[in-house]
Amino acid sequence: MSKSPHHGASVIPMSAVRSRALSGRLRVPGDKSISHRALLIGALTVGRTEIEGMLEGEDVIATANAVRAMGASVTREGDGRWRVNGLGVGTLLPPRDVLDFGNAGTGSRLTMGVVAGHPFEAVFDGDASLRKRPMRRILDPLMLMGAETVEQAEGGRLPLRLRGAREVIPIVYETPVASAQIKSAVLLCGLCADGETTVIEKEATRDHTERMLAHFGAKISSEPHGAHGRKVVLRGRPELQPQKIVVPSDISSAAFPMVAALVVPGSDVVLENVLLNPLRAGLIETLREMGASIEEVSRRDDAGEAIADLRVRHSELKGVDVPAHRAPSMIDEYIVLAVAASFAKGDTRMRGLSELRVKESDRLAATADGLRVNGVDCETLGDDLLVGGRGHVAGGGTVKTHMDHRLAMAFLVMGLASEKPVVVDDGAFIATSFPAFIETMKKLGAGISA
Ligand code: S3P
């Protein structure tokens with residue numbers, strides 16, 4: 001082990017070898033998007049909110065710390081539930097220290113929305129990956145609502161000091177890119193406005209903020225807009241009521257054992273309690289088009305979200321064309337989809353992936369590099385990724401993970417079915433979203449080691 005120049009923690013190289021059939025039942029950790037929102041909205045509620053099944057990954061813990069720094073109490077109980085005792089809408093307190101979000105884009109951006117609605121300043125910072133990510137897209141609408149960036153690194157990046165609005169201005173905002181983080185930051189700030197805040201999106205993105213705000217008692221409506229978009233209207237200054245939240249399993253984490261089961265011959269795996277919100281389930285739709293056997297064993301509803309156990313069996317996959325308008329519903333799943341496409345027969349073209357360039361890493365470039373180094377034909381054409389599947393993968397490469405948890409997990413999945421092992425240079429960031437990834441995969445029979 002050596003010290004990473006990026007994050008000061010240890011670098012953990014990992015490898016995966018060709019494995020026998022994967023089998024068993026597993027429950028991947030709680031949904032990251034819902035966990036961040038439960039903490040932040042709980043903090044804006046007077047009284048005790050209980051969160052069951054919260055993701056205890058580094059990203060969400062950073063948000064818990066930020067919420068604490070703004071005066072809410074956040075505790076983990078003996079039974080694994082988390083409790084948030086909030087202060088109410090517009091009544092959080094100024095944090096004394098820097099809010100350090102580590103690797104967490106969602107936590108930092110949603111918290112910017114919350115801070116922008118309060119008449120105080122907060123300093124936001126993060127690791128080398130987060131410091132590279134664009135923040136102007138969040139700050140622009142928040143400025144229109146009356147907030148100010150007092151200091152910022154070049155290009156509106158972290159570290160930055162944000163001064164919240166004295167009087168929040170309700171706005172009508174059309175998001176320039178399909179991003180649930182932009183939409184959510186505007187809505188969280190809009191909670192503190194005297195009037196209606198409207199967000200219009202051309203392509204609908206995950207709607208957990210809207211659903212959760214409604215669940216906590218806010219007046220919020222969402223209606224179709226254009227061919228693929230939504231118009232969301234929120235009435236400001238609601239009195240949010242504390243709630244019990246049960247966090248379903250994260251489909252973006254389930255994606256890894258799901259693709260592993262599809263590509264490792266003979267596999268038969270059940271993934272329990274997976275969130276199937278239609279604005280998150282684009283990967284399942286795409287894999288089914290490729291010929292994947294993914295069966296919903298039991299479908300139910302929990303706190304307004306659709307959930308099911310999924311039985312996934314090894315399948316012969318074929319290449320497909322993935323339309324650009326599907327991207328928001330599977331934006332975090334393209335790396336692992338590219339791995340599935342490598343084992344498929346025929347070409348897969350994934351269209352409209354410009355947003356992949358500004359994730360935890362430049363995922364478009366890094367995915368293409370990872371595929372090539374393992375002998376997979378691929379090409380980037382503008383914003384599209386083309387993968388030439390041959391039904392089998394050579395492997396034998398070392399993949400650069402660029403501080404990106406999903407690159408590490410996706411390429412470890414590749415190694416479970418490739419001819420030679422696949423090595424990832426650093427799996428330490430897996431702890432941001434799926435801390436028990438290795439143990440969980442090993443229980444299914446996967447040959448992964450650190
Ligand atoms: C998220 C939104 C998406 C996604 C991220 C989580 C959220 O980002 O990539 O992992 O919880 O709102 P964008 O809003 O940038 O599309």
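How far is an oxygen atom of the ligand from an N or O atom in the side chain of Arg37? The separation is 2.7 Å.

1. Basis. This is a predicted model, in which local features need pLDDT of at least 70 and side-chain atom pairs count only at pLDDT 80 or more, while totals for chains, interfaces and linings use all residues. Residues are numbered from 1 along each chain as its sequence is written, and side-chain values use heavy atoms, with hydrogens and water left out.

2. Polar contacts (pairs of N or O atoms within 3.5 Å). Ala180 takes part through its backbone, with an N or O atom 3.0 Å from a ligand oxygen. On its own the ligand has 390 Å² of accessible area, and the protein covers 94% of that (Shrake-Rupley method, 1.4 Å probe).

3. Shell. Residues around the ligand (a heavy atom within 4 Å) include Ser33, Thr106, Gln181, Arg206, Ile331 and Lys359.

4. Elements and domains. Two or more shell residues come from each of α1 (32–43) and α6 (180–190); helices are DSSP runs of H or I with at least four residues, and strands are runs of E with at least two. Domain 1 (14–30 + 248–449) and domain 2 (32–246) each supply at least three residues to the shell, with bounds from an automatic or database domain assignment.

5. Backbone. Most residues other than glycine have a negative phi, and most peptide bonds are trans. The peptide bond between Leu158 and Pro159 is cis, with omega about 0°, and Pro159 belongs to strand β11 (residues 157–163). Arg237, not a glycine, has a positive phi of about 55°; Arg237 sits in the loop between β15 (229–235) and β16 (244–246).

Methods. A polar contact is a pair of N or O atoms within 3.5 Å; within protein, one must be able to donate a hydrogen and the other to accept it, and residues adjacent in sequence count only if both atoms are side-chain atoms.
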